[in-house]
Amino acid sequence: MAVEIPPLVKPSRLRRRGGLWGECLAEFLGTLVLIAFGTGVVAVAVAALPGSGRTSGPTTFFISSGDWLLITWGWAMAVVFGVYVAGGVSGAHINPAVTLAFAVRRKFPWVKVVPYWISQVVGAFTGAALVYAVYHAAINTFDSAMKPPKVHGHTLASFSIFGTFPAPYFHGGYWGPLVDQIVGTALLVMLVVALIDTRNTAPQSNLGPLLIGFVVAAIGMSFGPNAGYAINPARDFGPRLFTYFEGWGSLALPGSLAGAFSDYWWIPIVGPLIGGVVGVLVYDLFISDVLHIRAQEAELPEVGRTRPEE
């Protein structure tokens, strides 16, 4: 079917998209889809549902764990469809931490790392802008009804639609959120490389993206409240940059709220980049190396056995 679809662009102009440029376009669109659905579901929970009269008040949200489940499954589906959109062209990293981990341990060309990162951040910025264009009336109404503190009329709650911040029990410290992001992203990348490893029990029939979405849901349910489970530098920085220009000011960059936290912007960038490398190294040390040596043996042992029966 794909062969029968005529290109929109003349073949002479389309040819250059067959390489890195086409992969960057795919990363841009895949990340845009990720952020559009991901921040979109948070906009629904935080501003749109309360503003539409479907909750007990115009600022009433997160009244039960069901609200959190709505967000975790929304982000899971966002990942699924982002991967399905871009996977056939770029591999659908849609996450700088994944790109770095693949460069470190999966022979992804280092020359492509920065172009992928730029495409992912621009895609995330654009996805956030799209969500704001659709929900700006609900967001502005919500902020107007909320009590201070406010920055240029915007609140931390409305910023949470787009960016992440640490829970109050960290008391503004860096180490807790940083460790949280390292652990969360390490689990993400470890499970991603497990799911795509055909030597292991990789899913068949193109179900990989769905299972990766389940991974994101599991991380959100198990580790989300600490710091909003960014686990993706582009996912946080792209929308954060958009909200800075749109009026959230210091809440976005440098990521500060008086008496709560300060200069937080770098945590969802550095933590996931470290965590991604940790995740792929852990998988390779404990699983991939074992699969490699077994593949070199003439007779593979039964699962659970250390050597073939004699």
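The questions and answers below go through some backbone features and pockets of this predicted model.

User: Why is K107 called exposed?

Analyst: Exposed means over 50% relative accessible area, and K107 has a relative accessibility of 80%, so K107 counts as exposed. Its place is in the loop between α4 (96-105) and α5.

User: What makes the phi of K107 worth a remark?

Analyst: Most residues other than glycine have a negative phi. K107 is not a glycine, and yet its phi is positive, at about 60 degrees.

User: Why is H171 called exposed, and where does H171 lie?

Analyst: The cut-off for exposed is over 50%, and because H171 has a relative accessible area of 72%, H171 is exposed. H171 lies in the loop between α6 and α7 (175-195), and it has a positive phi of about 55 degrees although it is not a glycine.

User: Which peptide bonds are cis, and how do you know that from omega?

Analyst: Most peptide bonds are trans. The bond that joins P148 and P149 is cis, with an omega of about 10 degrees, and the bond from L253 to P254 is also cis, with omega near 15 degrees. P149 is found in the loop between α5 (113-145) and α6 (156-159), while P254 is found in the loop between α9 (233-248) and α10 (267-295).

User: How much space lies in the largest pocket, and what lines it?

Analyst: About 610 Å³ of space lies in the largest pocket. This pocket is lined by 33 residues, of which V79, V83, A92, V192 and I212 are the closest to its centre. The elements that give two or more residues to this lining are α3 (65-90), α4, α7 and α8 (208-227), and α3 gives the most, with six residues.

User: What makes the lining of the largest pocket divide into nonpolar, polar and charged residues?

Analyst: Val, Ala and Ile are among the residue types that count as nonpolar, while Asp, Glu, Lys and Arg count as charged and the others as polar. On that basis the lining of the largest pocket divides into 21 nonpolar, eleven polar and one charged.

User: What is the volume of the second largest pocket, and which residues are the closest to its centre?

Analyst: The second largest pocket has a volume of about 370 Å³. Of the 22 residues that line this pocket, the closest to its centre are F62, W68, S160, F165 and G228. At least two residues of the lining come from each of α2 (20-51), α3, α6 and α8, and the lining divides into 16 nonpolar, five polar and one charged.

Definitions and conventions
Residues numbered from 1 in each chain as written. Predicted model: local features only at pLDDT ≥ 70, side-chain atom pairs only at ≥ 80, totals over all residues. Heavy atoms only, no water. Helix = DSSP H or I, 4+ residues; strand = E, 2+ residues; numbered from the N terminus. Buried < 20%, exposed > 50% of the residue type's maximum accessible area, 1.4 Å probe, protein only. 1 Å grid on protein atoms, 1.4 Å probe; cavity = no way out; pocket = protein on both sides within 12 Å on 5 of 7 lines; lining within 4 Å. Points joined across faces, edges and corners; volume = space filled by probe spheres on them.
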